[in-house]
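This briefing walks through one protein model, topic by topic, for a reader who is new to looking at structures. Please keep the sequence and the 3D view open while reading, and look up each residue as it is named.

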Amino acid sequence: KKEAEKRAAEQEENLSEEDRKARDIPVILVDCNRAPMPNVAIRGVEVEAAVPVAGLPVKAIVDVYNASTVKRAPVVELHVDSAKKATSPVLEIAAGERARYEFTFTFDTAGMHRGEVRLSGEEDGCKLDDRRFFTMEVDQGIPVAIVVGQRHEIPYLDDAFYLGQALQPSATGGSAIRAQVLKAGDLLSEPLTTFTAIYCVNV
């Protein structure tokens, strides 16, 4: 007994100040496995866009994981700028498996947008993993100038007309490019830094 007390005293002397503080921290064990609630988690969200422009399709791909020992059927919601954009169908996910669901949507305006995907519907064992957030900066369109020497009275007889149709085929939107037709003289007052690209047609 004396030998044991001696060894304990020696160990006490060799302890650093940090070790003494750590020894005094209480450790509490909690058994969480007595009656666990089934849990589904959103593991991630990937946002993809060919060109981040207002009015063009954007994909939000959600990765959902069933951490339960039983089959789950969650529903996922997509929110953009605090407004609900879409809801997924019921996702049947077996125990320990994962599912991916793809939302396709558009941003109505340019600027920085904040999005969120969240679980909806049935009770879940842990609320802390039920949501994922994302942001995306969206442009109003890529500005392009088409410079002409003069405009023809009949538009389709002008070579620049066909270039404009190729760059911006839809008059109601749906294109990543905003084409503006200018005369050569307009370049004297138009700042060229406004445009990403400038086409000079027969000038």
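This is a predicted model: local features need pLDDT of at least 70, side-chain atom pairs count only at pLDDT 80 or more; totals for chains, interfaces and linings use all residues.

Which residue in β10 does Ile146 stand opposite? The residue opposite Ile146 in β10 is Tyr199.

**The parallel sheet**

- Three strands, in the order β9-β8-β10, form an open sheet, and their pairing is parallel.
- The edges of this sheet are taken by β9, which covers residues 177-183, and by β10, which covers 197-201, each of them pairing on one side only.
- From one strand to the next, the twist averages 20°.
- Strand β8, made of residues 142-148, is joined to β10 over 5 bridges in the parallel sense.
- Helix α3, residues 159-167, packs on the sheet and touches β8, β9 and β10, while its direction makes about 170° with that of β8.

**The antiparallel sheet**

- Strands of a sheet pair through backbone hydrogen bonds, and the pairing can be either parallel or antiparallel.
- In a second open sheet, 4 strands are arranged in the order β4-β3-β6-β7, and here the pairing is antiparallel.
- Because β4 and β7 (131-138) stand at the edges with a single partner strand each, one side of each is left without a neighbour in the sheet.
- Neighbouring strands of this sheet are turned against each other by 25° on average, if direction is ignored.
- Strand β6, residues 111-120, pairs with β7 over 8 bridges in the antiparallel sense, and Met112 has Glu137 in β7 as its bridge partner.
- β3 and β6 run antiparallel and are joined by 6 bridges, with His79 having Glu116 in β6 as its bridge partner.
- β3 is also joined to β4, again antiparallel, by 4 bridges, and Glu77 stands opposite Thr87 in β4.
- Of the 6 residues of β3, 6 are buried, and this holds for both faces of the strand, with Val75, Glu77 and His79 on one side and Val76, Leu78 and Val80 on the other.

**Residues with a positive phi**

- Most residues other than glycine have a negative phi, which is why exceptions are worth looking up in the view.
- Asp81 takes a positive phi near 55° in the hairpin of β3 and β4, where 2 residues lie between the strands.
- Ser82, which is not a glycine, has a positive phi of about 70°; this residue is placed in the loop between β3 (75-80) and β4 (83-87), and Ser82 counts as exposed because its relative accessibility is 75%.
- Asn202, in the segment after β10, has a positive phi near 55° although it is a residue other than glycine, and with a relative accessible area of 62% Asn202 is exposed.

- Ile154, Tyr156, Leu157, Phe161 and Tyr162 make a nonpolar surface patch of about 490 Å².
- One of these residues, Ile154, is found in the loop between β8 and α3, and its relative accessible area of 34% makes Ile154 partly exposed.

**Salt bridges**

- Side chains of opposite charge can pair when their charged atoms come close.
- With a cut-off of 4 Å between nitrogen and oxygen, the count comes to 7 salt bridges.
- One of them joins Lys59 and Glu102, whose closest N and O atoms are 3.8 Å apart; since Lys59 lies in strand β2 (residues 57-66) and Glu102 in strand β5 (residues 98-106), the pair ties together parts that are 43 residues apart in sequence.
- Asp63 and Arg98 meet in another salt bridge, at 2.4 Å from N to O, and because Asp63 lies in β2 and Arg98 in β5, this pair ties together parts that are 35 residues apart in sequence.
- Within that pair, Asp63 counts as buried at 8% relative accessibility, whereas Arg98 is partly exposed at 47%.
- The side chains of Glu92 and Lys71 meet in a salt bridge of 3.4 Å, N to O; as Glu92 lies in the loop between β4 and β5 and Lys71 in the loop between β2 and β3, the parts tied together are 21 residues apart in sequence.
- Both Glu92 and Lys71 are exposed.

Terms used:
Residues are numbered from 1 along each chain as its sequence is written. Side-chain values use heavy atoms; hydrogens and water are left out. Two strands pair if DSSP finds at least two bridges between them. Axes are lines fitted to C-alpha atoms, for helices over the stretch in contact, and angles run from 0 to 180 degrees between N-to-C directions. Contact means heavy atoms within 4.5 Å. Buried means under 20% relative accessible area, exposed over 50%, partly exposed in between (1.4 Å probe, protein chains only). Patches are made of residues with over 30% relative accessible area and no salt bridge: like charges are joined within 9 Å, nonpolar side chains (Val, Leu, Ile, Met, Phe, Trp, Tyr) within 5 Å. Accessible areas come from the Shrake-Rupley method with a 1.4 Å probe; for residues, only the protein chains shown count as cover.
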